[in-house]
Amino acid sequence: MSLPTFLHPDLTGAKQGDVLTLTGAEGRHAVTVKRLAPGEQVLLVHAPDTPSLVDDGLFVEATVHETHGKDELVVRVDVVGATPAPNPRVTVVQAIPKSERSELAIDLATQAGADEFIAWQSDRCIAKWDAKKAPKALQKWQAQAQSAAKQSRRTRVPFAHGPLTTAQLVQHLAEREDCLIYVLHEDATDSIKDVPLTTDAATSTDLILLIGPEGGIGPEELATLQKAGAHPIKLGPEVLRTASAAMVALAAIGVRTNRW
């Protein structure tokens, strides 16, 4: 049985025998909702209050020592570990879905193993994130990624950032060296089961997966992405919803590589 998982803001330097305290929303969930008692074991995952792309997969397994009030959990560290970086590391560039599917896309892709999210303001996106809306929307994406990571017992929480327009995305792709870039498209002739998912030249591969909006990616936008190095691929005969496409692609990547 897997251990109940909670996010801790700083596990840097933790070692066996240390006493750590979990407070705030995570502490309340452990003490008041889960009603953890002394002697029970938990998994704490390193998740700084300010998320970033730097994630060392640090975690500790610990035993509950005592609780205080409604939101303070005190544990003693039993095991300190770090999950190896996945290969390939997968960045999901998600065209912004309509509100009811936006957080669902992040939830499903996080469960399937996405390592990073970039919000993409694609040409055909119905949802529009202006400068006022974007920060709050990204916070929701990050919160959903954290929740899904806990639910799936992940020790690496994906980082969500953006949004980028297509022009900005092209510039971003130009700055990402030695990576594989694939864009899901229903008219693609190559299948995800046939294209390379890791590179022979590097010990670790950075794979970028572009997921289009509900209305699909238009010919001009697709051509722009191809010039930036994106290779169109398809997952199968069905056309998937934008909220589930990344999850299915990640499952295929997991089967074909050592991620699984």
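A salt bridge here is a side-chain nitrogen of Lys or Arg within 4 Å of a carboxyl oxygen of Asp or Glu. Arginine 89 and glutamate 116 make one, with their closest N and O atoms 2.9 Å apart. The pair ties together distant parts of the chain: arginine 89 sits in strand 6 (residues 89–95) and glutamate 116 in strand 7 (residues 116–121), 27 residues apart. Helices (H or I, at least four residues) and strands (E, at least two) are DSSP runs, counted from the N terminus.

Before going further, a word on the model. It is a predicted one, in which local features need pLDDT of at least 70 and side-chain atom pairs count only at pLDDT 80 or more, while totals for chains, interfaces and linings use all residues. Residues are numbered from 1 along each chain as its sequence is written, and side-chain values use heavy atoms, with hydrogens and water left out.

Glutamate 116 is buried, at 1%, whereas arginine 89 is partly exposed, at 23%.

The structure holds 8 salt bridges. Another of them brings lysine 150 and glutamate 26 together, with 2.9 Å from N to O. This one also links distant parts of the chain, lysine 150 being in helix 3 (residues 134–151) and glutamate 26 in helix 1 (residues 24–33), 124 residues apart. Both ends count as buried: lysine 150 has a relative accessible area of 14%, and glutamate 26 comes in at 18%. For a contrast in setting, look at lysine 193 and aspartate 194, whose closest N and O atoms are 3.5 Å apart. Lysine 193 is exposed, and aspartate 194 is too.

Now for the nonpolar interior. A nonpolar core is a set of buried Ala, Val, Leu, Ile, Met, Phe, Trp, Tyr and Cys residues joined through side-chain atoms within 4.5 Å. The largest one has 49 residues, and Phe117 and Leu210 touch the most other members. Strand 9 (residues 179–184) supplies the largest share of this core, with 6 residues. What does phenylalanine 117 contact, leaving aside its neighbours within four places in sequence? Taking contact as heavy atoms within 4.5 Å, its partners are Val92, Ile106, Ala109, Thr110, Trp141, Ala145, Pro158, Phe159, Ala160 and His161. There is also a second, separate core of 17 residues, with Ala14, Val31, Leu44 and Val60 among them.

On to the open spaces. Pockets are found on a 1 Å grid over the protein atoms alone: a pocket is an open set of points where a 1.4 Å probe fits, with protein on both sides within 12 Å along at least five of seven lines, and lining residues have an atom within 4 Å of a point. Grid points are joined across faces, edges and corners, and a volume is the space filled by probe spheres set on the points. The largest pocket has a volume of about 450 Å³. It is lined by 21 residues, and the closest to its centre are Leu184, His185, Glu186, Val239 and Leu240. Its lining splits into 10 nonpolar, 5 polar and 6 charged residues, where Ala, Val, Leu, Ile, Met, Phe, Trp, Tyr, Cys and Pro count as nonpolar, Asp, Glu, Lys and Arg as charged, and the others, Gly among them, as polar.

The second largest pocket holds about 320 Å³. Of its 16 lining residues, Thr83, Pro86, Asp115, Arg154 and Arg259 lie nearest the centre. By class, that lining has 5 nonpolar, 7 polar and 4 charged residues.

Most residues other than glycine have a negative phi, and most peptide bonds are trans. A cis bond joins asparagine 87 and proline 88, with omega about 5°, and proline 88 lies in the loop between strand 5 (72–82) and strand 6. Another cis bond joins glycine 162 and proline 163, with omega about 0°; proline 163 is in strand 8 (residues 159–165).

As for phi, arginine 35 has a positive value of about 55°. It belongs to the loop between helix 1 and strand 3 (41–46) and is exposed, at 64% relative accessibility. Aspartate 178 has a positive phi near 55°, lies in the loop between helix 4 (166–175) and strand 9, and counts as exposed at 65%.

Notes: Buried < 20%, exposed > 50% of the residue type's maximum accessible area, 1.4 Å probe, protein only.
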